Amino acid sequence: MQWLKSLIFVIYIYLFMAVWGVVCFPLLLHPKGARWVCGVYAAHVLWLARVFLGIKTEIRGPIPTGEVVIAAKHQSFLDIMMIYDAVPAAKFIMKRELIFTPFIGQYAWRLGCVPVNRGKRGQAIAQMLEDVKKGAAQPGQLVIYSQGTRVAPGDYKPYKVGTAAIYKETGWPCVPAATNVGLLWPRKGILRKPGLAVVEFLDPIPPGVEKADFMQQLETRVEAKSNALMKELGFDAESKLAGGAERSL
């Protein structure tokens, strides 16, 4: 039954995305309109996940405000919705190809998301900062997924130094963010499981920390807290990682 409900849910949220995006398309004329449209969508997805699938969501830690970099653990679409719903003005670092995706691309562009080409990240960030300074773009919370992709619970992917470059280029504090959402809403497959999904914002890393120290702090803190959050749901990520390492020897 839960698998069938999950299938209905998955079909519905993407169908609703398309219909809602078309109906509200005129609101793209203003960034505030686009933010409202996306905010309604995120809140609706989180509400439906709770009442239909039993996935409760919780934000822990101080909500980042002002101009900050949020360096987040990424496990599934759910953590995107939770972060967007929680912070005042989220905008995401995204692959440039996504800007041409129907609905998602147009709304992301109006939100001030930063599309980047490989090797031209610095140019994109510099343009964003200049646009904010001139008033052509709204300030906000710049979200980057430091591992560059969704990572399943218990798997490991290295943290990319692009986060350190963006942190340095912006000169903003960096707020690490941990999560356990992948245990309930996986990056692949249909089944969504009931339980408490958490995104936790950790203490910020102040501007000016050297790259090596910054990357070590970021990875250590995010991984440790994410593992602790997953353990609350009965999943021991450290044991799974250790078992995988042993099998690879």
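Which residue just after helix 6 takes a positive phi? Gly171 does, with a phi of about 75 degrees.

## Model and conventions

This is a predicted model, in which local features need pLDDT of at least 70 and side-chain atom pairs count only at pLDDT 80 or more, while totals for chains, interfaces and linings use all residues. Residues are numbered from 1 along each chain as its sequence is written, and side-chain values use heavy atoms, with hydrogens and water left out.

## Overall content

The chain contains 8 helices and 7 strands; these are DSSP runs numbered from the N terminus, helices being H or I with at least four residues and strands E with at least two. Of its 249 residues, 45% count as buried (buried means under 20% relative accessible area, exposed over 50%, and partly exposed in between, with a 1.4 Å probe and protein chains only). Among contacts (heavy atoms within 4.5 Å) with a separation of 6 or more, 75% come from residues 24 or more positions apart.

## Helix 1 and helix 2

Helix 1 (residues 2–23) and helix 2 (residues 31–53) have axes that come within 11 Å and cross at roughly 165 degrees. That angle makes helix 1 roughly antiparallel to helix 2. Axes are lines fitted to C-alpha atoms, for helices over the stretch in contact, and angles run from 0 to 180 degrees between N-to-C directions. Angles under 35 degrees count as roughly parallel, over 145 as roughly antiparallel, 65 to 115 as roughly perpendicular and the rest as oblique.

By class, the contact has 16 nonpolar, 3 polar and 1 charged residues; Ala, Val, Leu, Ile, Met, Phe, Trp, Tyr, Cys and Pro count as nonpolar, Asp, Glu, Lys and Arg as charged, and the others, Gly among them, as polar.

## Helix 6 and helix 7

The axes of helix 6 and helix 7 come within 10 Å and cross at roughly 115 degrees, in a right-handed crossing. Thr163, Ala164 and Tyr167 of helix 6 meet Lys211, Phe214, Met215 and Leu218 of helix 7. This contact comprises 5 nonpolar, 1 polar and 1 charged residues.

Helix 6 is mostly covered, with 7 of its 9 residues buried; among them are Gly162, Ile166 and Thr170. In helix 7 (residues 211–232) lies Lys231, which is exposed, with a relative accessible area of 52%. Lys231 and Asn180 are 51 residues apart in sequence and 8.7 Å apart in space, C-alpha to C-alpha.

## Two buried loop residues

Ser146 occupies the loop between strand 5 (141–145) and helix 6 (162–170). It is buried at a relative accessible area of 2%. Its side chain forms a polar contact of 3.0 Å with that of Thr163 (a pair of N or O atoms within 3.5 Å; within protein, one must be able to donate a hydrogen and the other to accept it, and residues adjacent in sequence count only if both atoms are side-chain atoms). Not counting residues up to four places away in sequence, Ser146 touches residues including Ala71, Pro158, Tyr159 and Leu218.

His74 is found in the loop between strand 2 (68–72) and helix 3 (77–86) and counts as buried at 10% relative accessibility. A polar contact of 2.8 Å joins its side chain to that of Asp79. Beyond four places away in sequence, His74 touches Asp79, Ile80, Tyr145, Thr149, Arg150 and Val151.

Technical notes:
A crossing is left-handed if the near helix is turned anticlockwise from the far one by less than a right angle, and right-handed if clockwise.
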